[in-house]
Amino acid sequence: MGSGWAGLSRRWQRGAAMAALAVLALLLLAACGGQRAAGQKRKEMVLSEKVNQLMEWASKRSVIRMNGDKFRRFVKAPPRNYSVIVMFTALQPHRQCVVCKQADEEYQILANSWRYSSAFTNKIFFAMVDFDEGSDVFQMLNMNSAPTFINFPAKGKPKRGDTYELQVRGFAAEQLARWVADRTDVNIRVIRPPNYAGPLMLGLLLAVIGGLVYLRGSNLDFLYNKTGWAFAALCFVLAMTSGQMWNHIRGPPYAHKNPHTGQVSYIHGSSQAQFVAETHIVLLFNGGVTLGMVLLHEAATSDLDVGKRKIMCIAGIGLVVLFFSWLLSVFRSKYHGYPYRNLYISGASF
């Protein structure tokens with residue numbers, strides 16, 4: 001009888017111990033769950049505060065200016081459920097970054113288009129870090145050139161495609177909008193402020209033509225001047241073949257200044273892009289070749305004396321050789337491995 005009570009007592013003790021362990025486990029689970037819930041609640045509160053603060057800033061200024069502290073808190077530090085497009089630039093006058101100012105104008109147009117769009121949400125924000133206000137950010141990202149555009153996605157770190165290829169695509173607001181749509185799935189319809197320069201120039205041109213017609217109403221022979229029309233057509237062809245339309249569509253920078261050496265490049269090193277200065281150079285070279293061909297034609301067909309025709313011929317040949325050689329040099333600098341060299345020198349570069 002005693003042994004039976006002892007066994008029953010032992011079983012009861014084991015059961016009580018197991019029940020106590022179960023209760024303890026439940027209490028631990030409840031505590032962990034409570035901590036997770038509290039942590040999640042704090043995370044949501046921090047995220048809500050960050051979004052509300054960004055929305056308040058965005059309501060005052062489409063592009064939010066950030067220093068190092070703001071960048072680390074609102075862009076780098078979690079939690080974050082929004083993307084941030086950041087332009088790293090150097091706008092202070094003593095930096096002498098002309099491209100930065102041009103890119104900033106386009107960036108402001110893009111940000112304003114999004115801010116005043118009916119589709120505006122807190123899914124994406126536009127920010128700016130100036131070197132003189134956030135040099136520590138440049139050091140943290142190992143960045144040594146400006147302007148640079150980077151997309152910081154809502155989840156994860158920026159990938160290679162999140163850095164905008166400025167040298168290839170230019171900094172026109174429309175190009176930036178396509179890149180933003182590709183990286184964030186947010187489509188922005190770029191709305192530019194009204195530009196009256198085009199209509200004014202057209203009105204001025206029509207006024208000049210109307211004035212000429214009015215003053216010379218009885219003599220409209222100037223409208224049939226072949227030389228005038230040929231010159232106008234030649235100017236248009238030279239402008240188009242030099243890449244002016246590409247500049248209008250892509251909005252490339254005028255030139256590029258190396259931040260380390262200070263050397264300015266006027267010819268882009270890739271065949272997929274160009275600078276505005278490059279089109280001016282090519283326009284000049286094409287014009288020189290054309291002038292040389294015109295002189296050669298006049299030397300062969302004009303009624304001038306032989307001496308003057310020889311001078312025109314020599315000048316024409318010199319212009320063609322000189323400017324066409326420079327064109328070849330530009331072509332070689334953009335298409336590496338191009339087999340042909342200049343007509344009179346080798347290895348000239350820009």
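Accessible areas here come from the Shrake-Rupley method with a 1.4 Å probe, and for residues only the protein chains shown count as cover. With that in hand, the protein exposes about 22100 Å², and carbon and sulfur atoms supply 62% of that area.

A word on ground rules: this is a predicted model, where local features need pLDDT of at least 70, side-chain atom pairs count only at pLDDT 80 or more, and totals for chains, interfaces and linings use all residues. Residues are numbered from 1 along each chain as its sequence is written, and side-chain values use heavy atoms, leaving out hydrogens and water.

**Exercise 1.** Work out the strand order of the open sheet and find which strands stand at its edges.

*Solution.* Start with the terms: strands are DSSP runs of E, at least two residues, and helices are runs of H or I, at least four, both numbered from the N terminus. Two strands pair if DSSP finds at least two bridges between them. Next, read off the order: the 4 strands go 1-3-2-4, with mixed pairing. Strand 1 (63-65) and strand 4 (148-152) each have a single partner strand, so one side of each is left without a neighbour in the sheet. Now look at strand 2 (residues 83-89) and strand 3 (residues 124-130): they run parallel, joined by 7 bridges.

**Exercise 2.** Find which strands helix 2 and helix 6 lie across.

*Solution.* Angles run from 0 to 180 degrees between N-to-C directions, using axes fitted to C-alpha atoms, for helices over the stretch in contact (heavy atoms within 4.5 Å). Helix 2 (residues 68-76) lies across strands 1, 2, 3 and 4, at about 150° to strand 2. Helix 6 (residues 173-184) lies across strands 2, 3 and 4, at about 25° to strand 4.

**Exercise 3.** Take the salt bridges Arg72–Asp136 and Glu56–Lys60, and locate each partner.

*Solution.* The rule first: a side-chain nitrogen of Lys or Arg within 4 Å of a carboxyl oxygen of Asp or Glu. That gives 9 salt bridges. Arg72 and Asp136 meet at 3.0 Å, N to O. Arg72 sits in helix 2 and Asp136 in helix 4 (residues 135-140), so the pair ties together parts 64 residues apart in sequence. For Glu56 and Lys60 the N to O distance is 3.6 Å, and both lie in helix 1 (residues 2-60), 4 residues apart, about one turn of the helix. Finally, exposure: buried means under 20% relative accessible area, exposed over 50%, partly exposed in between (1.4 Å probe, protein chains only). Glu56, at 40%, is partly exposed, while Lys60, at 66%, is exposed.
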